[in-house]
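Hi,

Here is the structure I promised to pass on to you.

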Amino acid sequence: MTTHLIESLGNLSDPLCYQEPINIVGENKEILLNELRIMWVIRKAEEKIAEQIISGAIKCPCHLGIGQEAAAVGVSAYLTPNDKVFGAHRSHSHFLALGGTLDSLFAEVLGKVTGCSKGMGGSMHLFDPSIGFHGSVPIVGGSVPIATGAGLAAKLSKKGEVAVSYFGDGAIEEGAVQESLNLASVMKLPVIFVCENNLFSSHLHIELRQPANTTARFAQANLIEHAVIDGNDVVTVRKTAQRAIEHARAGKGPFFIEAVTYRWRGHVGPSEDTDVGVKRGAELSVWRKRDPLSRLALALIQSNMLTEKTHTDIQEEVDSQIKEAWQNALNAPYPELSAILETVYAK
Ligand SMILES: Cc1ncc(C[n+]2csc(CCOP(=O)(O)OP(=O)(O)O)c2C)c(N)n1
Ligand SMILES: [Mg+2]
């Protein structure tokens, strides 16, 4: 536990830092290659979605997390389908990293009946309990108290399950999130709070909204064990998540991970250069050098665990999976109009 007051992200918020290949010394080659492959699946799935928003095929609003892939992949490594994971409006990565299929994601954003929410939810309402993903919610901060409740249920069931709550640096400003941190701490609930701090809430930089650019100080205020890390380093995220999950499973209470990252597209939609009407400056091109994929790939190549050719093969294999899944989603039917009240509580 850090004993001094966390006042700043330090170098983690400086895009000129953390650009080098990540440290993979002592790491297992197969695990790393699998993490690289899943990150490519997430990136290429979102690039496909971006392309199809532009083509007009996708009509629902989509919040893309391109650039943020490592957080979800690292956090998911030690989870089981019995754990309860909750996302937010930018959750394609959370869903895919747990094993959600491309078919059901693409069908969902197209409103098709084979989608993970039967085509009724779209990009911001993903749901697949078979993989432990209990829903993404577009109300900012809205899923955090639900995840905390799942943590209480897990504690009562005494099966060693944990709840995971993904949210952003904007969500930390919601009262319900503060109340959730408090309750989880007081009741020692097995909740892993994962704040993907991409420094922005919509178009507003955290420094325009908060007296400090770190969110872990709210964990500190609630006496919650925490770690502030490079969210674009999949190995660091995985190791931190392992520590957090072991802590929670052992009945020691919640853990808060602040994973510092950056999104390459605007707040919503495919654009790279605008963010809710605000032009993004040269900062983006510097942040792209902290790319979670190329930093892992380069580390693997330098350690002779990957060749350029194998890296290209991985990407081509993912390309063909994306192509096939997209075609399956296009071929799938829309839900029947008569089904419109089947998936709601009030009829
Ligand atoms: C309660 C609520 N307030 C405002 C919004 C509008 N809104 C949608 S996403 C967003 C920004 C959230 O930022 P953050 O939590 O940092 O997540 P990020 O978009 O960076 O992934 C806002 C203000 C909303 N959906 N819900
Ligand atoms: Mg944010």
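Below are my notes on the sheet, the helices and the ligand.

Before you start, keep in mind that this is a predicted model: local features need pLDDT of at least 70, side-chain atom pairs count only at pLDDT 80 or more, and totals for chains, interfaces and linings use all residues. Residues are numbered from 1 along each chain as its sequence is written, while chains are lettered from A and ligands numbered from 1 in the order in which they are written.

Let's begin with the sheet. It is open and has six strands in the order E2-E1-E3-E4-E8-E7, with parallel pairing. (Helices, H or I with at least four residues, and strands, E with at least two, are DSSP runs numbered from the N terminus; two strands pair if DSSP finds at least two bridges between them.) Strand E2 (133-136) and strand E7 (225-230) are at the edges with a single partner strand each, so one side of each has no neighbour in the sheet. Direction ignored, neighbouring strands are turned by 15° against each other on average. E7 runs parallel to strand E8 (residues 255-260), and six bridges join them. One to look up is His226, whose bridge partner in E8 is Phe256.

Helix H5 (residues 143-157) lies across strand E1 (84-87), E2, E3 and strand E4 (191-197), and it runs at about 165° to E3. (Axes are lines fitted to C-alpha atoms, for helices over the stretch in contact, and angles run from 0 to 180 degrees between N-to-C directions.)

Now for the helix pairs. Helix H1 (residues 29-54) packs against helix H2 (residues 69-76) at an angle of about 135°, with the axes 10 Å apart. That makes H1 oblique to H2, because angles under 35 degrees count as roughly parallel, over 145 as roughly antiparallel, 65 to 115 as roughly perpendicular and the rest as oblique. On the H1 side, Glu35, Ile38, Met39, Ile42 and Arg43 meet Glu69, Ala70 and Val73 in H2. (Two residues are in contact if their C-beta atoms, placed from the backbone, lie within 7 Å.) This contact has five nonpolar, no polar and three charged residues. (Ala, Val, Leu, Ile, Met, Phe, Trp, Tyr, Cys and Pro count as nonpolar, Asp, Glu, Lys and Arg as charged, and the others, Gly among them, as polar.)

H1 also meets helix H10 (residues 292-302): their axes come within 10 Å and cross at roughly 150°. The two are therefore roughly antiparallel to each other. Among the residues making this contact are Leu36 and Trp40 of H1 and Leu293 and Leu296 of H10. By class, the contact of H1 with H10 has nine nonpolar, no polar and two charged residues.

H2 has another partner in helix H8 (residues 234-249), where the axes come within 7 Å and cross at roughly 35°.

Last, which residues come nearest to ligand 1? Of the 15 around it, they are Val140, Gly168, Gly170, Ala171 and Ser201. (A residue is near a molecule or strand if its C-beta atom, placed from the backbone, lies within 6 Å of it.) Strand E3 (163-168) and strand E5 (200-201) each supply at least two residues of this shell, which has six nonpolar, seven polar and two charged residues.

Cheers
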